[in-house]
Amino acid sequence: MQKFEPIPDFVQITSTAAITTADHGWKAKCLQRLVRLELPVPQSVALPTATVRAIATGNPVDAGSILAGFGPEPLVSVRASPAEPHWGGPATILNIGLNAARHARLRQTHGEDAADAIYVRFVQGYAINVARLDPDLFEGVKPGRGALTEVLRLYQIETDEPFPEDPARQLAGVLRSMARAWEGTSARLLRQAKGAPADAALGLVVQSMAQGIGQGISGSGVIQFIDSVTGGQRITGRYLAQSQGRDALAARESLYLTRDPRGPSLEEAAPAIFTELLRHGAVCRERLREEMQIEFTVEDGRLSVLDAVRVQRSARAALRIAVALAEDGVIGKDEAVLRVEPRALSELLHHQVDPRLPRDVFARGIAASPGAAVGRLVFSAEAAQASAARGEACILVRRETAPEDIRGMHSAAAVLTERGGMTSHAAVIARGLGLPAVVGASELRLDARDRKLTASDGRIFREGDVVTLDGSKGEALAGAADMLPPALDESFRLLLSWADQFRDIGVRANADTPADAATARKFEAQGIGLCRTEHMFFDEDRLVVMREMIFADTPGDRAAALVRLLPMQRADFVQLFEIMQGLPVCIRLFDPPLHEFLPSTREGLRELAEALDRPLSEVTRRAEALREVNPMLGMRGVRLGVVLPEIYDMQAQAIFEAALESARRGAPVVPEVMIPLVSARREVELVKARIDAVAAMVRNRAKANFDYKLGVMVETPRAALRAGEIAQHAAFLSFGTNDLTQMTYGLSRDDAGRFMNTYVQQGVFPEDPFHILDVDGVGELLLMGAERGRVTRPDLTLSICGEHGGNPESIAFCRKAGFDYVSCSPYRVPMARLAAAHLALNDRVDN
């Protein structure tokens, strides 16, 4: 039989003790910091993780040696001390060392009721956590006289032995119980779900009890000095007289901390203690360089600080706290920037459901686009437009969205779909519009004909019912939830201005409309990196002309229709240039297949036939002829420009005339014209020749000069491979990673959601490549294209402009590859700016 030796390894927590977070856990290290700040911390001892693990495996612990440092009648608590506070741990056990003799003395010093209450609490805690008795055993015990006798009797009946009197035995039992609880399967799985490694270890802290129960002013509480939701300065917390631990947080009779008309406060009951707490909070903020929540106990008017932890905070509070600390000189601007997680900024840009209030969730899906909105349910794009016309906010519900739903999405306050994933049409468009969206809510049953939703719990929601959609949590809530407004305040702007001082890669926005451009400017994008002109043609008046152009029988008829579109396009570009005020604007020429502009239903085709004054049979036949087996690989992009060059001619003329008009208005611009879906050098040569000719024509007519840049959107693997020869005719290459990922994988982005979760779970892909850039496959094509392009043209501008552009991982890749800028949806610009600053600052630290 293996023989174990007692483990004496522990250390008293002093200002000079060799205590580390890795060896003793965060709580031990935090207490040492508080000791160094000369806060009134009760005497404490730390057991390192190696000792705790040995105890869990059966090694005895020399509890007597530990208690020897706490005096002749020790009374202690044991607290968990993992490396990270959010990993949790076994519950704190209070009042270890209580026995009949100690209880008798407590009666003399604290009174009979207080002494009995302390002892009862200890017996119950020990019985449940150490002896592993059923908590229900004590449910019938009523507080007050006789409770102590009853719990001791129940303990003895259940364990066949009296409650242990020896403090060393009590402590050894508690340490063993907590050590083994940490190693249990359930505890391990729970902390791993919170990000802890499988082999995460636990330290333990033995601390002298500061009784919150006594004759004079006695109690326990917690206090913090900022609001956890808003980050504003506000003293919050609770104090409960005659209590221990964190009882104050759960008790209804707790006192307020500051003077409050709703009831008594600690500030009124014990002003000296309240002032001392304020002083300790200020010291923690300045010396620990953080906003802390302090756990404290008052015993007969004496204050003890038991713990201080970093205040839990929302994303908006985290930003405001970081900026305030920097402005007060507590931390530097660089550290303030690094303290705010880039992805968390998305919560600040939109309305959010107030997290402090209850939620009535009736559906869950994928949180596809952040933010929250309240509105009435509608089930079609037309209904959404009608609702917007009445000035009513609406939530658009679709099985899945299609291009013809875009106008409805523009009109809606949020979007909910039964199908789809992070890269579905609804998700991508919603993120671009800054529209809250929940997709893939598969438990819902949608009946579009009867215009109703049936939730998994049987509740039915009909058109016109008010609901709340939380795109940040991926939830739909019944009724109108209370909202927090966007946090685009001075702290937000200040932090991002600091971030701009550190980042070393440009950030532009994808903007298709004047509203998008205005949003891009609001978030201080450095220009437009992708303007998709086809989105401009879905407005009702333009759609009619667009369809006339599609059904034109001759190039002349087509040109005539395009002449009507020319002033509309020119006005669009003038407005874009005016909003961007001289910042670069990259305009992608027409890209989608023409059939996307035609109705998909027989009723829609009948209306089109009436509008065009053509037979329905002819319209149907022509529409069928335009449909392709695989339209995303068919007649689109540059292929349209080569086969139907009049379209690109009109767009180029509109761009150049708009540039001249913008210059006349005092906002000169050098437009960037981008050719989509290129795969061969000759395509670029053909389009470039016509665009150069249009530029010459506009210059001659206007008797004025202007500059422009012509570039290529690299979306096909062949374009990346042949970038060297393509760059001969291009001033810039912008990698469209959406299509490039589709073509590299041979995978439809719209259909990938059907199996992507299985692929990721089984390790086929590490992540969804449409959500996180595939740096190994697609990334290699980007590197090859960038390298070959710059061999031909060293001054070649490089960028990415796909959905990946705002991801921190993509920005890291582009920085290393020497790209000039990334372009993302307007609402992702702040995240991209901050992520770029993080990368630059972290590189500075590493070097």
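Modeller: Start with angles and axes. Axes are lines fitted to C-alpha atoms, for helices over the stretch in contact, and angles run from 0 to 180 degrees between N-to-C directions. On that basis, helix H29 (residues 737-745) and H31 pack at about 115 degrees, with axes 10 Å apart. The model is a predicted one.

Colleague: What makes H29 and H31 a contact?

Modeller: Contact means heavy atoms within 4.5 Å. Thr737, Leu740, Thr741, Thr744 and Tyr745 of H29 meet Val778, Leu781 and Leu782 of H31. By class that gives 5 nonpolar, 3 polar and no charged residues. The crossing of H29 and H31 is right-handed.

Colleague: Which residues form the contact of H5 with H6?

Modeller: First the geometry. The axes of helix H5 (residues 100-110) and helix H6 (residues 112-129) come within 7 Å and cross at roughly 145 degrees. The crossing of H5 and H6 is right-handed. H5 brings Ala100, His103, Leu106, Arg107 and His110, and H6 brings Glu112, Ala114, Ala115, Asp116, Ile118 and Tyr119. The residues of this contact divide into 6 nonpolar, 2 polar and 3 charged.

Colleague: Which strands make up the closed barrel, and how do they pair?

Modeller: The closed barrel has 8 strands, in the order S23-S24-S25-S26-S27-S28-S29-S30, with parallel pairing. From one strand to the next the twist averages 25 degrees. Helix H31 (residues 778-792) packs on the sheet and touches S28 and strand S29 (797-800). The direction of H31 makes about 180 degrees with that of S28.

Colleague: How do you know that S23 pairs with S30?

Modeller: Pairing needs at least two bridges. S23 and strand S30 (residues 821-824) have 4 bridges, in the parallel sense. Therefore they count as paired. Glycine 506 has tyrosine 821 of S30 as its bridge partner.

Colleague: What joins S23 to S24?

Modeller: 2 bridges join S23 to strand S24 (residues 528-532), and the two run parallel. The cut-off is at least two, so this pair also qualifies. Alanine 509 has isoleucine 528 of S24 as its bridge partner.

Colleague: How many bridges join S27 to S28?

Modeller: Strand S27 (residues 709-714) and strand S28 (residues 732-735) run parallel and share 4 bridges. Methionine 713 stands opposite serine 734 in S28.

Colleague: Why is strand S23 called largely enclosed?

Modeller: Buried means under 20% relative accessible area. In strand S23 (residues 506-510), 5 of the 5 residues are buried, so the rest of the structure largely encloses this strand.

Colleague: Why is leucine 306 called buried?

Modeller: Its relative accessible area is 5%. The limit is under 20%, so leucine 306 is buried. Leucine 306 belongs to strand S9 (residues 302-310). Leaving aside neighbours within four places in sequence, leucine 306 is in contact with Leu31, Pro42, Arg79, Gln207, Ala210, Glu295, Phe296 and Thr297.

Colleague: How far from leucine 306 is leucine 469?

Modeller: Their C-alpha atoms are separated by 41 Å, and the two residues lie 163 apart along the chain.

Colleague: What is the mean pLDDT of the chain?

Modeller: The mean pLDDT is 91, and 98% of the residues reach 70 or more. Over residues 1-8 the pLDDT is below 50. That stretch has 15 contacts in the model beyond near neighbours in sequence. Where pLDDT is low, the predicted coordinates should not be read in detail.

Note on methods:
Residues are numbered from 1 along each chain as its sequence is written. This is a predicted model: local features need pLDDT of at least 70, side-chain atom pairs count only at pLDDT 80 or more; totals for chains, interfaces and linings use all residues. Side-chain values use heavy atoms; hydrogens and water are left out. A crossing is left-handed if the near helix is turned anticlockwise from the far one by less than a right angle, and right-handed if clockwise. Ala, Val, Leu, Ile, Met, Phe, Trp, Tyr, Cys and Pro count as nonpolar, Asp, Glu, Lys and Arg as charged, and the others, Gly among them, as polar. Buried means under 20% relative accessible area, exposed over 50%, partly exposed in between (1.4 Å probe, protein chains only). pLDDT is the predictor's confidence in each residue, from 0 to 100.
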